[in-house]
Amino acid sequence: MIAVRNLVKEYGGKRVVDGVNFSVQPGEITAYLGPNGAGKSTTIKMIVGLLKPTAGQVLICDHDIASDPLSAKKCLGYVPENSAIYATLTPQEYLSLVADLHGMDLELASERIDRLLQGFDLGQVAARQISTLSRGQRQKVLLSGGLLPDPPVLILDEPLQGLDANSVSMLRKMLQQMASRGKTILLCSHILAVVEKLCDRVLLLHQGRLTANEPTQQLIKKSEDGTLESVFCELTRTEQIEQGTRDFLQALSRTVNPPQ
Amino acid sequence: MNWFFVLISRWLGADARSVRALTRAFLIMDLRQQHYAAATATRPSHLLSPLFLVVAQCLTMSAAMCLILLARVEVFFFAFANLTLSLLVLATTIIVEFHEIVLNPDDLDIIRHRPISSRTYTLARLLNLGFYWSLMYLALNLLPILIGAGLKDAGWWYAPAYLLVSGFASLIVAALTILLLSMISSGPRLEAVKNVLAWTQILLILVVGYGGQFMLRDTNHAVQMWAAKPPSWATWIPTFQLASLIDRFADHPRANEWLGIFGLFALSSFVLTLAAARLNHLYANMDFSPNRLSRTIKMPQVGRLTNRGFDWLLGSSSARLGFWLGRVQLRRDTNLLLRCLLPLQYPIALVVLGTWTGQFSNPCVVFDPTRTLLPSLAVFLCALAVPVMIYQLAFCADYSGSWLLMTGPLGDRQGFVQGIATALIAMLLTPLALILLGLLWYLWRDESAAALHAILAWLWCWPAARAGVWLVLPAPPFSVSTTRGVSLGLPPLPFASLTLLAMFFTSLHTMFAHLTYYWPIALGLPIAIWFVLEFPAGKRLEKLWNAA
């Protein structure tokens, strides 16, 4: 499980994450949502040990990520949002590196790598440098890296970016299967339609604070049109958005001389 | 061997399997770094690793030093000069080329969430650096060991003495460099230190290259005299003490000399342990990520890029855009600025050495090529630096944004690149021409000759920029990522042709600068060539844009 307690992150005196508290139980897929700049990625980075929190505590399978990072990280599979990967390695090499770092049994690692490469349709490009792959293929390599050690906790930051419809569907089924086998999954995504179908619970972050922590269906019921999107907009909208849209459209409709 | 590695790793608190996996991955990635030939559009069979170029540069410097000193000095000075060169080049190369091997903030995002301890990461990174250290150590010290053994006063013990002393000293320097890097961390301070050290490298090339040829012509044997009776302050130079240890050891090692070697071993172990501990601490605390707090950059008016009074000079909007982008990139990409400044080492070196050796006379007054060749050459070398700078413009830290230039409706590409070249000339070469003017005026006491030479140098920069676009620019400006050793990847044939042309004009200048009718032709010629080169440069840009 993941337990986040009073998590705070400050940059130059400004709080970007302000006292966030939540927990994700085994067998649960939880969505972590919020508008751009809300502090989602910062929270995720603190949870996986990439960033040091200003205050607060993160427990992964009851191991404190700050005081016992190795035990915590052994329980963790993470897919970062920014395609951070060693691009001059091949997918095969990258996955072997991940297997070695997790101390996996060589035979088991080899079998899983083979299955993952085939499953994500990466078999043809397994020996090509990652830098030459498409964005979607890179994302599949990252996903494979996260899934390979079969950790009890999975944290996926925008895992669907660049994936085609088939891969999204495959990943969705895979995550549901994993959750049913007792994995703890935390998912960050802006694709609310997928979140609606996949996640049991939604955490909504706005300006560094949690504004919602409820089961997905319960949250949807609160909205006017029965969608997660309208709940999201309602809870995170600022008044300037509508005024800003009007102003921008007005500026577009003005006739201007072409640049010299 | 495997059990030994596991044992050592375990003793150091690292996981042997992870260390091996990480080191292997780091080395594979380093050896697969983009090769400069890819940027120069040569065939795949011509690919050369930038790493090879760095090693080749070290080897060349070491060879030049050995050849200059061979048969001229004794063991002490031979070792002193070679050790000084070797240790300085090692330190500057680690900082300028290989600093991210030790502290790579990108690693945080990629492996920090994996279950590896800070000691494992530290050991893997140190082994990674150890690979480069070994290559550079061999490139810088192999020739001094082999050639030095042939010196007439070198005994049988010379080679082992040099091997041990240079080995431990190189380890100490590498470890101290790591400590220095870890203390200044990253961000603007690291960039400033890199600048200073890159200029140190320039100074070294100056000393080895031009100082060397001065030594060959020195009939007073100044260097030999210095080596025979060194001044008292020289004893404070660490390499002086190391060289005297080699000298004594090479003669016949006694207890004191063995003690000296043991002292070096102990010191290198201590400094290396300190460096490893510091790295371990930084990695454990995730304390080496770059400064992500960006400063606010104010624009005078939203939606308008201003060039502070240059707009009227630039003509088309594409040229204005190019000038703005060039100026901004040169200011904000310190690495680009540094690579553009490097080719100025040659004219600067000529001015310094020419002045020092009394070979910098006014070609308008003196008709003696031995005294006027260097000032003439300095003028044309200023222009010859421009194609190298133009080549460097293709490589930029911000290369990923270049799709905007490729997909945007940039009608006047020639004007755009001309704008960038104008920024380059305005920011780097105009100040250089002004410095040249002041210096020549001071040296010659002849303001008109000084002004004519400075203007000539400045005027030649313009056609040189177009020639650079035509012959050496490998890709559209700011569109290729910077890789290790990339600054050395200039296409040799076009650059050799431009060098020959510069030599030709230097000869003409040396012979005819004292004639009045020479000057209108000399000043008009670059302008004419600038117009002539417009067509081929434009064609080349079309080709580059289409290829991109």
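How much area is buried between chain A and chain B, and what share of that area do carbon and sulfur atoms give? In this predicted model, the area buried between the two chains is about 2700 Å², and carbon and sulfur atoms give 58% of that. An interface's size is often quoted this way, as the accessible area lost when the parts come together.

**Where the chains meet**

- On the chain A side, A:Leu50, A:Tyr86 and A:Leu101 lose the most area to chain B, and together they make up 26% of what that side buries.
- Counted by residues, 33 from chain A are in contact with 24 from chain B.
- There are 4 residue pairs in polar contact between chain A and chain B, counting those with both residues at pLDDT 80 or more.
- Four stretches of chain A each give two or more residues to the side that touches chain B: helix H2 (69-74), strand S6 (76-79), helix H3 (91-101) and helix H5 (135-147).
- H3(A) gives the most to that side, with 7 residues.
- Sorted by class, the side of chain A that touches chain B has 17 nonpolar, 10 polar and 6 charged residues.

**Salt bridges**

- Side chains of opposite charge can pair when their charged atoms come close.
- Over all chains, the structure holds 14 salt bridges.
- The closest N and O atoms of A:Asp100 and B:Arg24 are 3.3 Å apart.
- Across the interface of chain A and chain B, the count is 2 salt bridges.

**Space inside**

- The structure has 2 cavities of 30 Å³ or more.
- The largest cavity holds about 60 Å³ of space.
- What lines the largest cavity? The residues are B:Gln414, B:Val417, B:Gln418, B:Ala421, B:Ala465, B:Arg466, B:Val469 and B:Leu541.
- Helix H20 (413-444) and helix H21 (447-471) of chain B are the elements that give two or more residues to this lining.
- H20(B) supplies the largest share of the lining, at 4 residues.
- By class, the lining of the largest cavity splits into 5 nonpolar, 2 polar and 1 charged.

Notes: Residues numbered from 1 in each chain as written. Chains lettered and ligands numbered in written order. Predicted model: local features only at pLDDT ≥ 70, side-chain atom pairs only at ≥ 80, totals over all residues. Heavy atoms only, no water. Contact = heavy atoms within 4.5 Å. Buried area = accessible area lost by both parts, 1.4 Å probe. Salt bridge = Lys/Arg side-chain N within 4 Å of Asp/Glu carboxyl O. Polar contact = N/O pair within 3.5 Å; in protein donor to acceptor, adjacent residues only side chain to side chain. Nonpolar A, V, L, I, M, F, W, Y, C, P; charged D, E, K, R; others polar. 1 Å grid on protein atoms, 1.4 Å probe; cavity = no way out; pocket = protein on both sides within 12 Å on 5 of 7 lines; lining within 4 Å. Points joined across faces, edges and corners; volume = space filled by probe spheres on them.
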